Amino acid sequence: MTKVCKSCGKEYTGDYCEHCGYGNPDLKIKSADKYKQTQKPLKVMTDEERAEYSKEQKEKRAGKKLPKKATKILSCIVGVLIVAAIVLFVLYRQGYIFNSVQKEDVAEKYFDSINSRSFSDFLSCVPPAVKEVYEDEAEELGLDDSNALDTLYSDMIEMYGDDFEIDTTLGKAKTVDDDVIEEYEDEYKEYYDKSISVSQAYVISATATISGSLASDEVYYEIYTAKIGGKWYVVNVSQITPTVTE
């Protein structure tokens, strides 16, 4: 007897449709199997069933692998981030970024180190090669952090007393001309046998009161600061006579 297939609509005579396989007990259809699997709703599961369900879902997710293209893209992103992190770290260590210390800060620290007689703080304010010279001289003379500046500023101690202090007020800062910067770089190379690159340089005017148990004076300074390797240093301090404008 001819039958009409409920699935494809074609006629067939056997126990199942030979066109689409409808009714064939040996034919497995994935979509059918999927819908045959019953899943109990989470809200009616027991605690044990929920734990088992959660474990199965984790195992399924762990078993899934990213496509090769996605894996390659992810690897590239991770590589770029690593390189960027290394570059940022190097720039940070060299003082080019995230460095909040400015030229005025190093000038103030310079005079504060003299007042506190802190040789280590004083050395942190001068360029590396200058620092090495001071350190070598201190070692030769058997000086340390507690007495090195007393020796370095012995003339001021003789004039103002061993308790002298320099109270400094910083004024305006003016940029230093390029030819002056080049001259300083050349002198640095000639004297210390080391090359430097000054990215910025300023001269800061300052008024100061030097006072001690023996005497006191009001003086005027020009403080030359330079940015070398991303860090600010004091490269020269000159005492000047102010110009009087009538």
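This report walks through some strands, a helix and several aromatic contacts in a predicted model.

## Before you start

Residues are numbered from 1 along each chain as its sequence is written, and side-chain values use heavy atoms, with hydrogens and water left out. Because the model is predicted, local features need pLDDT of at least 70 and side-chain atom pairs count only at pLDDT 80 or more, while totals for chains, interfaces and linings use all residues.

Let us begin with the strands; helices (H or I, at least four residues) and strands (E, at least two) are DSSP runs, numbered from the N terminus. Strand S4 (residues 198-211) pairs with strand S5 (residues 216-228) in the antiparallel sense over 13 bridges; two strands pair if DSSP finds at least two bridges between them. The two form a hairpin with four residues between them, and Ala 206 has Tyr 221 in S5 as its bridge partner.

S5 also pairs with strand S6 (residues 231-240), again in the antiparallel sense, over nine bridges. Here Tyr 224 has Asn 236 in S6 as its bridge partner. The hairpin of S5 and S6 has two residues between the strands, and Gly 229 in this hairpin takes a positive phi near 60 degrees.

Ile 223 is at 0% relative accessibility and counts as buried, where buried means under 20% relative accessible area, exposed over 50% and partly exposed in between (1.4 Å probe, protein chains only). Its contacts (heavy atoms within 4.5 Å) leave out residues up to four places away in sequence, and include Ala 107, Phe 111, Leu 170, Ile 204 and Val 234. Ile 223 and Ser 205 are 18 residues apart in sequence, yet 6.3 Å apart in space, C-alpha to C-alpha.

## Helix H4 and its buried face

Helix H4 (residues 103-116) has 14 residues and spans 20 Å from its first C-alpha to its last, close to the 20 Å expected at 1.5 Å a residue; the expected span is 1.5 Å times one less than the number of residues. Its buried residues are Lys 103, Val 106, Ala 107, Tyr 110, Phe 111, Ser 113 and Ile 114. Seen down the axis of H4, they fall within an arc of 150 degrees, so they line one face of the helix; the arc is taken from the directions from the helix axis to the C-beta atoms.

Which elements do the buried residues of H4 pack against? They pack against helix H5 (119-123), helix H7 (148-152), strand S3 (165-175), S4, S5 and S6. Just after H4, Arg 117 takes a positive phi of about 55 degrees.

## Rings and charges

Rings of Phe, Tyr and Trp (its six-membered ring) pair if their centres lie within 6.5 Å; planes under 30 degrees apart count as stacked, over 60 as edge-to-face and the rest as tilted. By this rule there are nine aromatic pairs. The ring centres of Tyr 110 and Phe 111 are 5.3 Å apart with planes at 85 degrees, so this pair is edge-to-face. Tyr 110 and Phe 111 also belong to one aromatic cluster with Phe 122, Tyr 134, Tyr 153 and Tyr 221.

A charge sits over a ring if NZ of Lys or CZ of Arg is within 6 Å of the ring centre and within 35 degrees of the ring normal. Lys 103 lies over the face of Trp 232, 5.9 Å from the ring centre, and the charged end of Arg 117 sits over the ring of Phe 164, 4.3 Å from its centre.
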